[in-house]
Amino acid sequence: MQSYSFVATECRMQKEQSESSPEVYTLGLSDRDPDPEHYIILQQALDRDKLNAGLGMDDAYFVSSFFEGDGYGVVQSYALEPGKLILHFTREHTPAIGYATVEVHFAPSVVDHEELQDFLGTAIGIPLA
């Protein structure tokens, strides 16, 4: 199965919190800002309780420009290479997405790889492939 690919010129890693909601970590990758043609957004709330786990909502939430659906538990793992992030989708989601992986190539100076690896593993909770 083919891989989807785009070049990211924007990478945003954010931690958000309000008085009424738990901490939420968000990773946004896009080819341009504003009005991106290609993008990926991953979110993870730190308030992972038994109810969320039972509903399948304890994994990272995935939204993209190339998949009309969205949801929890779509990304199985990731690999980080110089200048490139590869997201591996779960077998369950691969047929609906139409791709087994997505490759995000980074324009020069867009992202610090160590910071991104830490953010994906610690904040978003996606394991390294």
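This is a predicted model: local features need pLDDT of at least 70, side-chain atom pairs count only at pLDDT 80 or more; totals for chains, interfaces and linings use all residues.
Trainee: Which element supplies the largest share of the largest nonpolar core?

Mentor: Start with the core itself: it holds 32 residues, and Ile40, Leu42, Phe62, Phe66 and Phe106 touch the most other members. Strands β1, β3, β4, β7, β8 and β9 each bring in at least two residues, and so does the helix at 113-124. The largest share is five residues, and it comes from α3.

Trainee: Phe62 is on that list of core residues. Which phenylalanines does Phe62 touch, not counting residues up to four places away in sequence?

Mentor: Let's go through the partners. Ile40, Ile41, Leu42, Val74 and Val75 are among them, and so are Asp70 and Gly71. That leaves the phenylalanines, Phe67 and Phe89.

Trainee: Okay, on to Thr90. Does Thr90 count as buried or exposed?

Mentor: Thr90 sits in the loop between β8 and α2. Leaving aside neighbours within four places in sequence, Thr90 is in contact with Gly73, Val74, Val75 and Gln76. The cut-off for buried is under 20% relative accessible area. Thr90 has 15% relative accessibility, so it counts as buried.

Trainee: How many of the residues lining the largest pocket are charged?

Mentor: That pocket has about 200 Å³ of space. Its lining has 14 residues, with Arg12, Gly28, Leu29, Ser30 and Asp33 the closest to the centre. β2, β3 and β4 each supply at least two lining residues. By type, the lining has six nonpolar residues and four polar ones, and the number of charged ones is four.

Methods: Residues are numbered from 1 along each chain as its sequence is written. Side-chain values use heavy atoms; hydrogens and water are left out. A nonpolar core is a set of buried Ala, Val, Leu, Ile, Met, Phe, Trp, Tyr and Cys residues joined through side-chain atoms within 4.5 Å. Buried means under 20% relative accessible area, exposed over 50%, partly exposed in between (1.4 Å probe, protein chains only). Helices (H or I, at least four residues) and strands (E, at least two) are DSSP runs, numbered from the N terminus. Contact means heavy atoms within 4.5 Å. On a 1 Å grid over the protein atoms alone, a cavity is a set of points where a 1.4 Å probe fits but cannot get out, and a pocket is an open set with protein on both sides within 12 Å along at least five of seven lines; lining residues have an atom within 4 Å of a point. Grid points are joined across faces, edges and corners, and a volume is the space filled by probe spheres set on the points. Ala, Val, Leu, Ile, Met, Phe, Trp, Tyr, Cys and Pro count as nonpolar, Asp, Glu, Lys and Arg as charged, and the others, Gly among them, as polar.
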